[in-house]
Amino acid sequence: MTIPPFASTHEPSSTARTDADRDAILVDPGFGVHFTDHMFLAEWTDTAGWHDARVVPYGPLQLDPATAVLHYAQEIFEGLKAYRHADGSVWTFRPEANAARLARSAHRLALPELPEEWFLGSIRALVEADEAWVPAGEEKSLYLRPFMFASEAFLGVRPSRHVTYSVIASPAGAYFPGGVKPVDIWLSQEYSRAGAGGTGAAKTGGNYASSLLPQQEASAHGCAQVAFLDSTEKKWIEELGGMNLYFVQADGSIVTPELSGSILEGITRDSIVQLARDRGHEVVERRVSIDEWREGTADGTITEVFACGTAAVVTPVGSLKWPDGQAVAGDGSAGKVTMDLRSALVDIQYGRADDPHRWMSRLV
Ligand SMILES: *Cc1c(COP(=O)(O)O)cnc(C)c1O
């Protein structure tokens, strides 16, 4: 399917990078450090609804110091990628699912829902304007960051009556430039990411703010990510700070924590469930306890552990560490099932494999 054009105004940047400058950035773009020449903006008010869709030069936003988002964190975001295929065309992966999730997040944060047509149209309009920023090459992409925030200048506590939606884009290099390597994960003892009835299932900045201190603790212990348990019993595995988790068992079945209300419903998570089933794996969504992780890796019931999300796609987990021990799945190297599922997904995203579930949408 091709995403149809969307009516928005376009003010071309007068300070766009030269072809040479852009190409130099695209050789090794890193993640989230360089931004394209334009951005998309739209406004919502309680009286006029959504309006003023526009593509404008990328640049700072001017905010009144009383802008509500700076005080009460009424904000949500999304993350998806544009992929360049071998024939030069540009595609994205399941954008309707991101549109639907943004609407669910909006509901939880008392923000207005953005219609799907606006979401898809904003992605297309920005990628059209900055098409040259979609890198070609092994696992490179243009990372798209749609976000929405309370932009009314008002310090009272109630949902904002002025909301701004924006999309910015940032070229991204391969997450594992030297080949996929397992990561070590720190088990947070003290902190939870989200609680029952809270905002864990919404993609909102506050969840990330609360994960930064445990993330620092993880780094201090040489770990790349944090694994969080449920906040009530401190027993059930939820997810990492920004990725969902899977456990491959010796009988070939795959288990992933069931959506608890405080787990973020990843689009990669859902896609991996489908791809694993297509390949004949039994996939079970149920509660998984921390003891099951520890004992299963020790007795060989669990042979592989991996995490998934848009940015890193599928990442093998080498070990789970805590103050006086660790759990290593298999021999700690990237497992076969993990790597097969990873290839199956990226091959669809980069147009190297059939797309039986019609997940890809053409942008340019
Ligand atoms: C975005 C996110 C994920 C992954 O979602 P994808 O749609 O697969 O990118 C997982 N957990 C959290 C907390 C997230 O914010």
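Colleague: How many salt bridges does the count come to by this rule?
Modeller: This is a predicted model, in which local features need pLDDT of at least 70 and side-chain atom pairs count only at pLDDT 80 or more, while totals for chains, interfaces and linings use all residues. Residues are numbered from 1 along each chain as its sequence is written, and side-chain values use heavy atoms, with hydrogens and water left out. A salt bridge here is a side-chain nitrogen of Lys or Arg within 4 Å of a carboxyl oxygen of Asp or Glu. Applied to this structure, the rule gives a count of 19 salt bridges.

Colleague: Which strands hold Glu-43 and Arg-54?
Modeller: The side chains of Glu-43 and Arg-54 form a salt bridge, with 3.0 Å from N to O. Elements are DSSP runs numbered from the N terminus, with helices being H or I over at least four residues and strands being E over at least two. The pair, eleven residues apart, links distant parts of the chain, since Glu-43 belongs to β2 (residues 38-45) and Arg-54 to β3 (residues 49-57). The two strands are therefore β2 and β3.

Colleague: How far apart do the C-alpha centres of domain 1 and domain 2 lie?
Modeller: The chain is assigned domain 1 (9-174) and domain 2 (183-349), with bounds that come from an automatic or database domain assignment. Across the two, 22 residues of domain 1 are in contact with 22 residues of domain 2, where contact means heavy atoms within 4.5 Å. Between their C-alpha centres the separation is 27 Å.

Colleague: How many salt bridges does the rule find across the interface of domain 1 and domain 2?
Modeller: Elsewhere in the list of charged pairs, the side chains of Arg-104 and Glu-265 meet in a salt bridge at 3.6 Å, N to O. For the interface of domain 1 and domain 2, the number that the rule finds is three.

Colleague: Where does the largest pocket lie?
Modeller: A pocket, searched for on a 1 Å grid over the protein atoms alone, is an open set of points with protein on both sides within 12 Å along at least five of seven lines, whereas a cavity is a set where a 1.4 Å probe fits but cannot get out; lining residues have an atom within 4 Å of a point. The largest pocket has a volume of about 680 Å³, and of its 37 lining residues Tyr-143, Lys-203, Tyr-208, Gly-242 and Ala-311 are closest to the centre. Because both domains give residues to this lining, the largest pocket lies between domain 1 (9-174) and domain 2 (183-349).

Colleague: Which element gives the most to the lining of the largest pocket?
Modeller: Several elements supply at least two residues each, among them α3 (95-108), β7 (141-150), β8 (162-172) and α5 (205-220). By class, the lining divides into 16 nonpolar, 16 polar and five charged residues, where Ala, Val, Leu, Ile, Met, Phe, Trp, Tyr, Cys and Pro count as nonpolar, Asp, Glu, Lys and Arg as charged, and the others, Gly among them, as polar. The element that gives the most, with five residues, is α5.

Colleague: What volume does the largest cavity have?
Modeller: A search of the whole structure finds three cavities of 30 Å³ or more. The largest cavity is lined by 13 residues, with Tyr-83, Phe-93, Thr-268, Thr-310 and Gln-349 nearest its centre, and β5 (80-84) gives the most to this lining, with three residues. Grid points are joined across faces, edges and corners, and a volume is the space filled by probe spheres set on the points, which for the largest cavity comes to about 110 Å³.

Colleague: Which element supplies the largest share of the lining of the second largest cavity?
Modeller: The second largest cavity, of about 60 Å³, has a lining that includes Lys-81, Glu-139, Arg-342 and Tyr-350. Two or more residues come from each of β5 and α8. The largest share, three residues, comes from α8.
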